Amino acid sequence: MGAAVGTVIPTLGAVIPAAVGVDIGCGMIAARTRFTADDIADKDPAWLRKSLESSIPLSPGNYNRSLRRFDFTQARLDRLERLATESGVDLSHSPKWREQLGSLGGGNHFIELCIDDDEVVWLFLHSGSRGVGHKIARRHIAAAKRQCEQHGIDLPNPDLAYLTEGTPEFDRYITELNWAQQFALANREEMMDRFRQSFARWMRVDPDDVEVQRINTHHNYTVQEQHAGKQVWVTRKGAINAHPGVMGIIPGSMGTRSYIVRGKGNPDSLCSAPHGAGRRFSRTEARRRFSADDLAKRMKGIEYRHGAAWVDEIPDAYKSIDQVMADSVDLVEVVTSLRQVVNVKGT
């Protein structure tokens with residue numbers, strides 16, 4: 001909607017809500033642990049996968065049945081509720097937004113246990129602002145279309161409708177966009193804490209004695225930045241912040257490598273880089289071309305949920321992540337690559 005995935009758009013005094021998209025704040029989080037491949041060599045990966053599937057609601061529409069299962073959840077909910085109240089964010093359209101915190105969703109969202117180039121174990125996942133972010137986005141996409149129609153603005157496509165600074169509609173969008181981005185960050189943090197709990201039980205260690213580094217970054221968002229001597233709104237749709245020294249995450253598809261990177265601050269890309277490997281085939285075409293047996297062959301050696309439900313996520317339906325990284329050599333430097341041991345996806 002509004003922009004191809006992988007687009008970076010600088011705008012002066014305006015923002016295009018559909019270019020940001022309906023999964024506001026979608027992104028990645030990765031946690032480097034103190035453990036190595038040798039430490040998990042004798043562990044049952046199926047046990048960890050099932051534990052993750054029990055701890056984190058999967059697939060669209062699946063939410064938490066209880067908000068009291070984990071002692072760290074309530075503090076995040078309180079902070080998000082306080083932020084909404086203080087900034088006047090209307091969440092009446094999403095009465096179950098609290099139950100959505102800590103849920104994965106579907107599509108190309110995933111949870112993975114990975115090993116890097118130095119044989120270090122990482123916890124890794126991809127998700128965004130869930131249903132509440134979708135509702136916020138849809139409301140403001142419609143508002144932008146109404147505003148452009150009212151002012152007689154002729155657009156090549158309705159999804160390019162924009163909101164302009166100095167209007168109540170713009171102010172409401174930025175306020176609610178910022179809240180949705182905070183929800184997405186918190187959602188990933190919540191799932192990572194649950195992942196860490198499951199991993200710690202799997203390893204029979206204290207959950208506080210697992211991580212040594214955590215990276216949490218958006219790839220669907222808008223933010224104000226300075227470029228070419230001007231203050232602009234930068235919309236990154238399927239793109240990450242690659243300012244000098246900024247740590248980022250570029251995932252591949254299920255069954256292929258992902259990358260931890262550091263930004264080079266290339267001004268020609270507005271200090272941005274790709275968020276991953278885009279699709280070669282639509283989901284419908286992937287299901288037509290490939291079978292569950294094809295997926296099983298591509299996922300050999302990786303613990304995952306077998307079945308036809310995930311065929312549209314087969315690596316063959318995506319572009320080569322290695323080509324993406326080769327094309328990004330002027331934008332980021334590779335810190336390490338990650339290969340999967342366990343993969344969990346929502347349908």
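A239 sits in strand β10, which spans residues 239–241. The model is predicted. A239 has a relative accessible area of 1%. The cut-off for buried is under 20%, so A239 counts as buried. Beyond its neighbours within four places in sequence, A239 is in contact with T7, V8, H218, H219, Y221, A273, P274 and H275. R288 is another matter: 49 residues along the chain from A239, with 29 Å between the two C-alpha atoms.

Now the sheet. Strands of a sheet pair through backbone hydrogen bonds, either parallel or antiparallel. Here, 7 strands form an open sheet with antiparallel pairing, in the order β7-β3-β5-β4-β14-β12-β11. β7 (211–218) and β11 (247–250) stand at the edges. Each has a single partner strand, so one side of each lacks a neighbour in the sheet. From one strand to the next, the twist averages 30°.

Strand β12 (residues 258–263) runs antiparallel to β11, and 4 bridges join them. I250 stands opposite Y259 in β12.

Helix α3 (residues 45–55) touches β4 (110–116) and β14, and its direction makes about 85° with that of β14. Helix α7 (residues 168–203) lies across β3 (27–36), β4, β5 (120–127) and β7. The angle between α7 and β5 is about 145°.

Back to β14, residues 332–345, where K345 is placed. Is K345 buried or exposed? K345 is buried, because its relative accessible area is 2%. Leaving aside neighbours within four places in sequence, its contacts include L58, L104, F110, M254, R305, W310 and E313.

Methods: Residues numbered from 1 in each chain as written. Predicted model: local features only at pLDDT ≥ 70, side-chain atom pairs only at ≥ 80, totals over all residues. Heavy atoms only, no water. Helix = DSSP H or I, 4+ residues; strand = E, 2+ residues; numbered from the N terminus. Buried < 20%, exposed > 50% of the residue type's maximum accessible area, 1.4 Å probe, protein only. Contact = heavy atoms within 4.5 Å. Pairing = 2+ DSSP bridges. Axes fitted to C-alpha atoms, helices over the stretch in contact; angles between N-to-C directions.
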